[in-house]
Amino acid sequence: MALVGGEPVTFHVSGSGLVDYLEVKPAANGAAADRFSPFTNWTTGLSAGQVQARLARRARGIGSIVDLRVVSRGSSRRVTDLEVVGTNGTAHVRGGRIRSALGLREQLFVIDREYDHDGRVSEFVFSGRGWGHGVGMCQVGAYGLAKQGFTYEQILKAYYTGIEITRFY
């Protein structure tokens, strides 16, 4: 992302006190190619019961869900291993199953928690960016580049580096 000024910046601090997610939100008149999309940034709240129901097939025998922990992220910072902590043990949900099992738009997210009066997690709040699998060309970003005057060749080469575009017919 090219920063030109005026973009709001937010970050998330992990349980160990380290910044594990930094987000620069596109300004309305900024340089981000996907700034035209209402789907660029999203937040989804799921109650502990909803998470339990959605992960029931993937995290069997762990009891009631107590917490969710991001164990690892890929090179694009998308979650690749999610630990599900229960009253009777733990389980892991990995790869694309994370997004599909939880019903999230994308695997580029952080997790915040809301607690009840007894100190138990009552809601998991997922805040993320994008809507897709994280591989290939973002349609909204490509649209934004086109609105900025990029040609189809420049757009393709922005997403797929080292390619050559040739005519086959």
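**A tour of the salt bridges**

Start by selecting Lys157 and Glu153, which form a salt bridge with their closest N and O atoms 3.2 Å apart. Keep in mind as you look that this is a predicted model. Both residues sit in helix H4 (residues 152-159), and because they are 4 residues apart, about one helical turn separates them. Now colour by accessibility: Lys157 is partly exposed at 37%, and Glu153 is partly exposed too, at 32%.

Next, select Arg78 and Glu106, whose side chains meet in a salt bridge at 2.8 Å, N to O. This pair links distant parts of the chain, 28 residues apart. You will find Arg78 in the loop between strand E4 (65-73) and strand E5 (79-86), while Glu106 is in the loop between helix H2 (97-102) and strand E7 (109-115). Is Arg78 buried or exposed? Its relative accessible area is 18%, so with the cut-off for buried at under 20%, Arg78 is buried. Glu106 is buried as well, at 2% relative accessibility.

Now move to Asp81 and Arg94, another salt bridge, with 3.5 Å from N to O. Asp81 lies in strand E5 and Arg94 in strand E6 (residues 89-94), so this pair ties together parts 13 residues apart in sequence.

For the last stop, select Asp116, Asp118 and Arg120 together, and you will see a network of salt bridges linking them. How many salt bridges does the model hold by this count? The count comes to 7.

Note on methods
Residues numbered from 1 in each chain as written. Predicted model: local features only at pLDDT ≥ 70, side-chain atom pairs only at ≥ 80, totals over all residues. Heavy atoms only, no water. Salt bridge = Lys/Arg side-chain N within 4 Å of Asp/Glu carboxyl O. Helix = DSSP H or I, 4+ residues; strand = E, 2+ residues; numbered from the N terminus. Buried < 20%, exposed > 50% of the residue type's maximum accessible area, 1.4 Å probe, protein only.
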